[in-house]
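The following note on the model is arranged as numbered points. Please read it beside the sequence and the coordinates.

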Amino acid sequence: MQHLLSMILFLPLLVAFTMGLLRVSIETLRMATFGSSLIVLLFAVVVAFYFHLDGGMQFVHNSPWISHYGINYSIGIDALSLLLLLLIALIMPLIFLAIWEEQRKGYFYNLLLLQTGVSGVVMAQDLILFYLFWESMLLPIFIMIGAYGYGMRHFNAMKIIIMTVLGSMSMLLAIIYLGYTHYATVGFWSFGLSDLTQLAFDSKTSILLAGAFLLAFAIKIPLFGFHTWMAPAYSSAPTAIVVVLSAIMAKLGVYGLYRFGFTLFEVPLGFYTPYVILLCLIGIVFYSIHAIMQRNLKRIFAFSSGAHLSLITLGLFMTNIYAWSGGMYLLATHAIASAGIFLMIGMLGRRTQDIQIAHLGGIASIAPRFAFFFAFFALAITGVPGTGGFVAELLIIIGAFKYHFWVGVVAATTMLGAILFIFWTLQRTLFGTTQEATKHFGDLSAIEIGILTPLVIILLVTGIFPSLLLDFLDASLSANLEAFKGGVK
Amino acid sequence: MEALLSLIVILPFLSATILGLSYLVDSKKNLSNTYYATIALTTPAIVTLLSFVLVFKMSTMPHDTPLYAHLFDWVKVGQLHIEMRFMLDRLSMIMIGFITFIGTLIHIYAVEYMQSDEGFGKFFAYFNFFLGSMLLLVVASNPIIMFIGWELVGLASYLLIGFYHKVSSNITAANKAFIVNRVGDFGFIVALGVLFIALEGQGFSFEAIEQGIGGLSHSTLSFVGALLFVGAMGKSAQIPLYVWLPDAMAGPTPVSALIHAATMVTAGVYMVARFGFLYNEIPHIGEFIAYIGAFSALIAALMASFERDIKKILAYSTMSQLGYMFIAVGLGAYGAGIFHLFTHAFFKALLFMGAGAVIIALHHEQDIFKMGNLRKVLPQTFIAMLIATLAITSIPPFAGFFSKEAIINHAFLSGHYTLWIIAMTTAFLTAYYMFRLIFVVFFAHSTKTYPHLIPLGKMIIYPLIVLAIGSATVGFLGIEHGFAHFVALPDRATPAPTHLLEYGLMGLNILVALGGIALAYRLFGTNPEPPKANIPIKALFIHKFYVDALYNRLFVDTLRSLSIFFDRVVDGAVIDGILGLLTGGYKDLGAKLASFQNGTVKTYATYVILSVSLMSLALIYLLEAQ
Amino acid sequence: MESIIFFILAFFLLSGAIMIVFSKESLYSAIGFLMVMIAMAGMFALLHHSFLFLAQILVGVGAVVVLSIMIILSINLKEENQPKQNITRKNILFTTLIIAPIAGLLLYAIAKAPFAFAPIAQHFGTIETMGKVLFTHWVLPFEIVSILLLGAMVGAIVLSRRRLHVES
Amino acid sequence: MLSPDKFLFVAVMMFAIGLIGLMLRRNLFVVYLSIELMLSSVNLILATFSRMHGEMDGGVVSLLMIAVIAAEAAIFLALIIYIYRITKSVDSQSITQLTHKRDEA
C-alpha cells in the first residue's frame, strides 16, 4: 500500500527499460505495454478505493534523494491529483489499444516514458522532482513529433520544445530561488512544497516568482498569446501524442497552477488575476473564432481544446467554489471528450489518409456508428446537456457571474463559441455526399467501439449524475479554497 | 403519482436509447420497421395514458398544490443545489396533456410517412428523444433542469431537421436552427446566472425564485426578464431570431409538425408563462415582448403571403401565431396565451400533417402553384385542412376563434391600441394567406388530374380525423375564460368590457377574417398566379426582407474573415512575429559571429594576437596603476 | 670587447629577423633564418652557455636551417604560385598597432626590473653541469621531449608520404 | 659591461618582428620562420635568465626548446609539403576548410 504510487509511477518506465534491454519483438512489446497500462489502471483504481474523501494529501511517501540540497523523492496525492491520475491511467490503455497495429517500436517506448512523466507530475510534492517530471514528459513528445509526425514535423517539434522550455526555464529559476531562500532563512536546503509554503517574501519578489511559475503554466495550457505552438504541434503530432497533449498534458498546466501556483503564491497571484482572466476571456473568444476557418480536423479541435482550457483556467482564477468545481469538472470531462475526438480523428486518418476537411464528407451515410461516436464526442465538447461538459460549463459560468457580471457574460459565450465551428465541421466531415477519400470508408470495428464506449459512458454518467464526481471533489476543493482565501486575507 | 410523473419523462428517453442502440447494432438491417414502430409507438402511447391519468387526478385537486417527484440530487456545489425534481402544476399539466397527445398522433402519422426511409429506426429514436426533452423542459421544477430540456430540444431539432443528411443544404438548415437557438440560449444562461447570483442562498427552484424576487432591484429583474425573453425569441422564432424556422422545413414533414405544434416553438411561450410572476413585476419588459410578438406576427404574415412552398407558408403562419401568444403573455394574459398555444397545437399539427399528406401523395412536391384541384382527389385531407384553416383564421366555432379573440380583446381592453391594430391587420393577412393556400391547392385549376397519385394509408388519415375533431371543438374550453381560470396563472387584470364592446370586437374579428378570405378568393379562387417580384415592395416580401442575406453578411462573413484575420495576422504576424524576433535575433547574431570564422588561419592568428595585445594593454594599465 | 661582439651579434640577429619577414623570396628568408640561428649561437656563447652554443650550431644551424632550405629548394615555387603579398601601409600600421602593446609590455617589464648578471660559477654552462641538472631535475621533461621528437618524426613521415584524401 | 637588459631587449625585438611576420605574411614559409624566430627569442630569454641567476635550469629548458624547435620544424615542413601538394601553393589563404558555410547550417 505504501509503495502503490511509486509502482504506478515507475512500472511503465521499468517495462520500457526491460523491453528495451531485451530488444523484444513488436508483438511482445505491444502486449507488455498494454499489460502494464492495465496494471497501472488497476493500481489507480485500488488507490481510489482506499482514498479518503476528506483526507487532504494521502499515500504520502518521502525518502531522501539528494539530501545535501534537500531534494527528496516525495510523492502524494489529493483529490484532484487522484482525478488526473485516474484519467491518465484510463486513457493510456485506450491509446495503446488504438495504436495496436503500429509497427514502430518507438511509439511504445515513448508512450511508456510519457506515462511515467505525466504520472510523476501529478504526484510530485517536491519542486525539483516536479520539475524533473515536468521536463521529462516533454522529451517523448518532442521525439514522437519529430520522428513520427506529419507535415513540418521538425520545425513544429522545435517550436513546441523551445516555447515550453522557455517557460520551464523561468520556473526552474524560481524553484531554485525558492530553495535558496529556504536555505538562507531557515538554514537548510529544501524543495518540499510544504516547507516552501512557510516562506515569506516581499511583494515584489513574490510577484516575480509567481510570474515565473505562471509563464511556465500559461505556455503549457496554453493561454492566449502563448499558444502559437499549439496548432502546429497538434497537426504534426501522431494521434497518440495528440491525445496525450490535449487530454492530459494541457490539463497538467492547470494542475500545476492549482497545486503550486495557488499554494505557494496566494497573494501575488491576486496581482496577476485580472490579466490572466483577460487572457482567458480573449482566449475563449479568440480560439473559437480562429477555429472556424481551419482546414485540418486536428487543428480545429486543437483550438477547441485551447478554448476549453482557457475556460478551465478562468474557473481557477475566479476562486469561488462554483468556478473551481466547474473547472475541475471540465478538466475531467474535457479530457475524456477530447481523448475521444482525437482517437476518432486517428481512426479517420487511418481510413482516409487525409484529415483535410475539404476531402471528407458523407461518412454518416456509409458508417453510421462512426458518425454517431464522432458526433457524440463533438457535441460533448460543445457542452450539450447530458454530457459532463454542460455541468462544468454551467458551474464555471455561474462562478464567473459571481466574480463579475461582464466576466460572466464573456464566459457564457463559450456556449456559442464551440458551436460556431463544430457544427460546420460536422457538416463537412460526416454529412453530405461521399468523396474520393471517404468512398470506401469502413465503419468502426469491435475493438474501436470497445475503445470509445468507456469514454461515452463516462461522459454520459458525468452529465446525468454529476453529483457523483462533484461530491468527490467537493471536500478537497472547499478545504483548499478556504486555505487560499485565508492566505489572501 | 410521483412515479408516474417520473416515468413520463424517463420512458421516452429510455425508448430513444433502445431504438438508437438497436439501430447502431443492427448494421445489416435485420430488424424490421415493425420492431422499431412498436417500440416507438408504445412509448408515447403509454406516456399519453399516464399523462391523462395525472391530468384527471390533478384537476380535482386545488391549483396551488402541485405534484412533485424527486429523483436525485443533480448538483450540489456551494449554494447551488439543483435537484432532478419534476413539478406538475396546472400549467405543466396542460402542457404534458397536449404534448403527449398530439405527439402520439404525429408518431402514428410518422410511421406511415417514414415507412420507406432507410433511417426508420434512427428517426424514431430522435423522435422519442425530442418528446422526452420537451417533457423534461415542461415538468422541470427549476430553471436549470428546464434549461437542460431546453437545450436537448434544440439538439433534437438539429438532428431531425438534418435528418436527410446527404443533402448539404439540409444540414445547413439544421446548423442554422441549432446556432440561432444557441444564441437565444446564451441570453437564457446569462439571465439564469444573474438571477442565481442575485438570489444566492435562497434556493433556485421556481417556488424559491418566486419568493425571492421581491427582494431584487427593479433593474436586475428587467435585465433578467429581457434576457430570458432572448432565449424565448430563439426557441419560439421571434424577431430577430426567427430565421431558422422557415429553413427548418428541410426536415421530414412529421418533424415540422412536431416542432411547430407540440414541442420546441411552444417552449418560449411556456417559459414566459412559467416566469409570469417575474414578468408581472416588470410590465414594461412585458410590453416589449408584446411588441416583438406583434411585429413578428405581422412580418411573418407578410412573408407567408408571398411564399410558394406549402410548408414554408405554414412555418410563417406558426411564427405569426406565436407572435399572438407573445402579445398575450407580454401583456400579462398568460391564460389566453397558453390557451392559444393549446388550440394552435391542434390545428397546426393538423395543417402540417395535411400538408404532409399532400406532399407525399404528390411525390414530394411542395410548390403550391404546381398543385390544384386536390379537393376531388384527396377529400379527407381537404376536409381536415379546411377545418384547420378555419380554426387558424378564427372563424367561429372553430378552436382558433376563441383563443385568438381572447388575445386581441385583451390587447384592446388593456389599452394597447397599436398592438390591437397590428393584431387585427395580422388576422386579416392570416385569413388571406391561409385561404390562398386552400384555394390554390384544393380549388384552382379545376380540370387538373393526377395520374400517379400515391394512396394515403390509414395511419395518415386517422390522426388527421382525430385532430380535425380536436381543432373544431377544443375552443369551447375557453368560453367564459374557463381555460384561463383552470390554468390559474398570475394574469394581470384588465377592465371588464361592456357586453356591447365585447360583441362589437367579436364581430369585427369575424369581419376581418371574412374580408381576408374574400380577398384570397378574388385573387386565387380560380386561376392563381404565382407571386412575381415586379415592384420593389413585392420583391422585398418575396426575398424575406433580405434578412438571411443580411445575417450572412453581418455574422457569418464577419466571423469567417475574422477567423482568417486571426490566423494570418494575429497568430502568424504578431505573435509568431514577436517570437521570431526573439529567435531570429539569435539567428542573426549567430550569422554575424559566423563571419568571423572565415576559415583563414591567419585571421585566427590575428584574433589570438589581438587578444594578447589587449591583455597586455590591460596589464600595463594595471601595473601603472599600482 | 664583449659589448662590441654583442652589438655585432645583435645587428646580425635583428637584420636576419627583418630579412625573414620582409624578403620576397622564400630562400632569402631562409638565409635570414640562418643568420639568426648563427647569431643566436653567438649569443649563447656570450652568455657562457657553451653546451647550448654547441647544440644551437648542431641542431639549429645544422639540422633545422638546412632542412628548411632543402624543402624550399625541393618545392621550387614558381612565380605564379607565390602568394600575392600586399604589404600595404595600412597593413603595417595595423600590425604595428596590435603588436606595440605586447612589445611595450615586455619592454616595460625589462625596464622596471633591476637586472644584473650574477658572478659566474665554475663550470657554468659546460656539458657536465648541464648533464647533471638535466638527468636529475629534468629527467621527466627530457623523456617527454624524446617522445615528442619520436611523435614528430612519425608525423612528419606520415604527412609527407601518404597523400590523404581531402574533400575540396 | 654587458647587462641582461640588452639581451632581453634583443629578444623582445626578435619576438616582435616574429609576430609582425606572422601577421603580415601569407607565405607559409615565412610564417613558419617567424614562429621559429619567436621560439628562438624565448630561448634567448631563457638562457639570459639562466645566466643571470647562475642556475643551470634555464639553460636546460633552453636545450629542450631546441629539441622542440627541431620537432616543430619537422612537422611544419611536412605540413607545408602536404598543403602544397593539395593546393599547389604555399599561401595561408588557400586553406579554408574551417570556414562556416551558411548553406549547410
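1. How far apart are the nearest C-alpha atoms of chain A and chain C? They are 29 Å apart, and the two chains do not touch. Chain A does not touch chain D either; there the nearest C-alpha atoms are 14 Å apart. Contact here means that the C-beta atoms of two residues, placed from the backbone, lie within 7 Å.

2. On conventions, this is a predicted model, in which local features need pLDDT of at least 70 and side-chain atom pairs count only at pLDDT 80 or more, while totals for chains, interfaces and linings use all residues. Residues are numbered from 1 along each chain as its sequence is written, and chains are lettered from A and ligands numbered from 1 in the order in which they are written.

3. Four pairs of chains are in contact, and of these chains C and D share the most contacts. Chain C contributes 73 residues and chain D contributes 65 residues. On the side of chain D that touches chain C, the elements giving two or more residues are α1 (4–24), α2 (28–53) and α3 (57–87) of chain D. The most comes from α3(D), with 24 residues. By class, this side of chain D has 44 nonpolar, 11 polar and 10 charged residues. In that classification Ala, Val, Leu, Ile, Met, Phe, Trp, Tyr, Cys and Pro count as nonpolar, Asp, Glu, Lys and Arg as charged, and the others, Gly among them, as polar.

4. Chain D itself has three helices and zero strands, in the order α-α-α from the N terminus on. Helices (H or I, at least four residues) and strands (E, at least two) are DSSP runs, numbered from the N terminus. Of its 105 residues, 58% count as buried. A residue is buried if 20 or more other C-beta atoms lie within 10 Å of its own, exposed if 12 or fewer, and partly exposed in between, with C-beta atoms placed from the backbone. Among the contacts in chain D with a separation of 6 or more, 43% link residues 24 or more positions apart.

5. In chain A, the axes of helix α3 (residues 79–98) and helix α4 (residues 105–123) come within 9 Å and cross at roughly 170°. Axes are lines fitted to C-alpha atoms, for helices over the stretch in contact, and angles run from 0 to 180 degrees between N-to-C directions. This crossing makes α3(A) roughly antiparallel to α4(A); angles under 35 degrees count as roughly parallel, over 145 as roughly antiparallel, 65 to 115 as roughly perpendicular and the rest as oblique. The residues of α3(A) in this contact include Leu84(A), Ile88(A) and Met92(A), and those of α4(A) include Leu111(A), Gln115(A) and Val118(A). The contact has nine nonpolar, three polar and no charged residues.

6. Helix α12 (residues 266–292) of chain A and helix α18 (residues 405–412) of chain A have axes that come within 9 Å and cross at roughly 30°, which makes α12(A) roughly parallel to α18(A). From α12(A), Ile277(A), Leu281(A) and Ile284(A) meet Val407(A), Val410(A) and Ala411(A) of α18(A). This contact has six nonpolar, no polar and no charged residues.

7. Within α12(A), Ile277(A) is buried, because 21 other C-beta atoms lie within 10 Å. Leaving aside neighbours within four places in sequence, Ile277(A) is in contact with Leu314(A), Phe317(A) and Val407(A).

8. Val242(A) lies in helix α11 (residues 239–264) of chain A. With 29 C-beta neighbours inside 10 Å, Val242(A) counts as buried. Beyond its neighbours within four places in sequence, Val242(A) is in contact with Tyr234(A), Ala237(A), Lys298(A) and Phe342(A).

9. In chain A, six bridges join the antiparallel strands β1 (residues 58–66) and β2 (residues 71–77); strands pair if DSSP finds at least two bridges between them. Ser63(A) has Tyr73(A) as its bridge partner in β2(A). Four residues lie between these strands, and Gly70(A) takes a positive phi near 65°. In chain B, nine bridges join the antiparallel strands β1 (residues 67–77) and β2 (residues 80–88), with Phe72(B) opposite Met84(B). That hairpin has two residues between its strands, and Gly78(B) in the turn has a positive phi of about 55°.
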